[in-house]
Structures are given as C-alpha cells and as structure tokens.
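Keep the 3D view open as you read.

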Amino acid sequence: MEESVEKNAPLSRFTTFRIGGPAERLVHPRNVEEAISVLSREGQVFILGGGSNILVSDEGVRGVTMRLSKFCADVEFSPAQGNKVIVKAQAGLSLTRLSGLAMRRGLSGLEFAYGIPGTLGGALAMNAGTREGEMKDIAVSVTVVTRDGAVKRLSGGECGFSYRSSGFADGDAIVECELALRRDDDARIRERMRKGWEARKASQPLDKPSAGSIFKNPAGNFAGRLIEAVGLKGYCVGGAMVSEKHANFIVNTGGASAGDVLAVIKEAERRVYETSGVRLEREIKLVGRFDE
C-alpha cells in the first residue's frame, strides 16, 4: 500500500468542532490516483474533508476513513475563453485558498466561498453557499468514484444540486471538479470578499470551535431566529453551547463531547417544534454510531 495509514487516529484533530473519537484506519492518499485506488479496493469509505459540517461520534468511525485535504489539493487554471476561465481543482483543496487564488488571477464567482471552512469536495456535496452564491452556480462537472470503484464524470446539471444538498449517490466520493469563473477587476473581487468576511465575523462565533450552521433555514424563515425565539441562546449541555452570537451555531466551549452536541441539537428541535410547529432539518451530518 503506497498511501500512508494511521490506526486509531483521533478525528478530533481534523474536525472544526475539535470533537470526534478515533478512526479505525485513517488513510492519507498522496494524489487523486491513490484516492481512486483506495476507494476501488475498500468499497465503503468515509471521506473526511476539512472537518466542517460534521459531528463525529465519541466512539469514532469503524473501517476506513480517507482524508483528502493533506495532498489532494491541486488546482489548474485553463487559458481564458473570452470572459470565462475553467478551473480544474481537486476535492481536498480548501475553499478559502481556492477563492484567494481566483481573486489574485482576477477571476470572479468564488467570492461567496471566502471564509467558508472546509474543502471543495465537501462544499460540492452539500452545495455550500451564501446569499451571494453557491456551488451549483459555478460547477461545470464533478468527477466521482462510485462505491464499486467506477470513475464517473457528471455535468453540473447531473449533480442534483438544491438548497444545501446534492444528488450524489450514497457512497460516491468526489475527487475533483471543473468550475466556471469569469474575468473581473481583482480590486472589485477583493472588496466583495472583504465585505463578505466582515459580515461573517460580525454575525458568526468564529472565536470558538463549531461546525458551522446546524440547521437548514426553513422556507420563509431562519433557523437561528426560531431557536432564539424559544430562549435557547446560551443553552448548554456539558461543553456544548448554543452560541450567544448566532443561535444556529453550537460552539465547543471546552471539552464538549459529541453526545453533548447532539443533546443540544435535540433540545432545539424539540422546543422549536413544540412552539412553532416547524421541524428543523439538520444541515450538520452525523458520522459514526449515535443513540438517537
């Protein structure tokens, strides 16, 4: 086996929550070809990107976990075709790094992604975005490896993108993609990124470990507003607390377990439903074994 493997590796090192038990086997492929080899050989593999938008069980993850962000992070900018440039990028690339590289080349379309934690692969899987844009707006194609080891290239229209979701089959692993960006003045791009980052800092608890938004916004409403309305800002279980800055964030105040976080999630779901009749839909993904 060429790729490096760690046994019983604590996943809390690699999640933005700083929470998570051990991976039975944590594989670090050195390139996309090795990633495809692992997926073809192992079958069911948990793909770990930047570690955001997930809650890893305190018991950890059985089997193989593959972390792409260590090596699978190459990017290639094609020659411009009129006002458009196609960017070919690997799934382990940081969204913030990619948006910065695009800005320095005078390419617009990724300003919304600046400051969003996580990797390109995870962003595509959940159609990450803001009010200024989302991944479906720029995705031209996505290359995946299926559970049986087949490599498939899907057009953007075949990816089933919707609000904070996609239609990739269960077990498909995103390894690279093509994005369409457009030429613009780099000073204007930089200013849009600065404004987005300032708004993020003003509204989100970036000073404490979190996984990003816990719930999707219900149609015509905001999850944070509903959670705040039931008096849960500052609500704690163990080291997990509903942020006092933004109620759709749960922060790790120190030593929080996955069980603590899940208990807070369930309390928010219960109170919001009992008060407003709205069933909150989770944006965060639970990984590993949980007793629900």
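Start at Val142: apart from neighbours within four places in sequence, Val142 is in contact with Leu124, Lys152, Arg153, Leu154, Cys159, Phe168, Ile174, Glu176 and Cys177. Bear in mind that this is a predicted model.

Now step back to the core around this residue. Val142 is among the residues with the most contacts inside the largest nonpolar core, which has 45 residues; Leu120, Leu124, Met135, Phe168 and Leu179 are the others named there. Elements giving two or more residues to this core include helix 1 (32–42), helix 3 (120–125) and strand 11 (139–145). Strand 13 supplies the largest share, 6 residues. There is also a second, separate core of 26 residues, which includes Ala223, Ile227, Ile250 and Val261.

Strand 14 is joined to strand 15 (residues 240–242) by 2 bridges, and Cys236 has Met241 as its bridge partner in strand 15.

Finally, find Asn248 in the loop between strand 15 and strand 16. Is Asn248 buried or exposed? Its relative accessibility is 3%, under the 20% cut-off, so Asn248 counts as buried. A polar atom of the Asn248 side chain lies 2.9 Å from the backbone oxygen of Phe215. Beyond neighbours within four places in sequence, the contacts of Asn248 include Gly212, Ser213, Ala223 and Ile227.

How values were computed: Residues numbered from 1 in each chain as written. Predicted model: local features only at pLDDT ≥ 70, side-chain atom pairs only at ≥ 80, totals over all residues. Heavy atoms only, no water. Pairing = 2+ DSSP bridges. Helix = DSSP H or I, 4+ residues; strand = E, 2+ residues; numbered from the N terminus. Buried < 20%, exposed > 50% of the residue type's maximum accessible area, 1.4 Å probe, protein only. Polar contact = N/O pair within 3.5 Å; in protein donor to acceptor, adjacent residues only side chain to side chain. Contact = heavy atoms within 4.5 Å. Core = buried A, V, L, I, M, F, W, Y, C linked by side-chain atoms within 4.5 Å.
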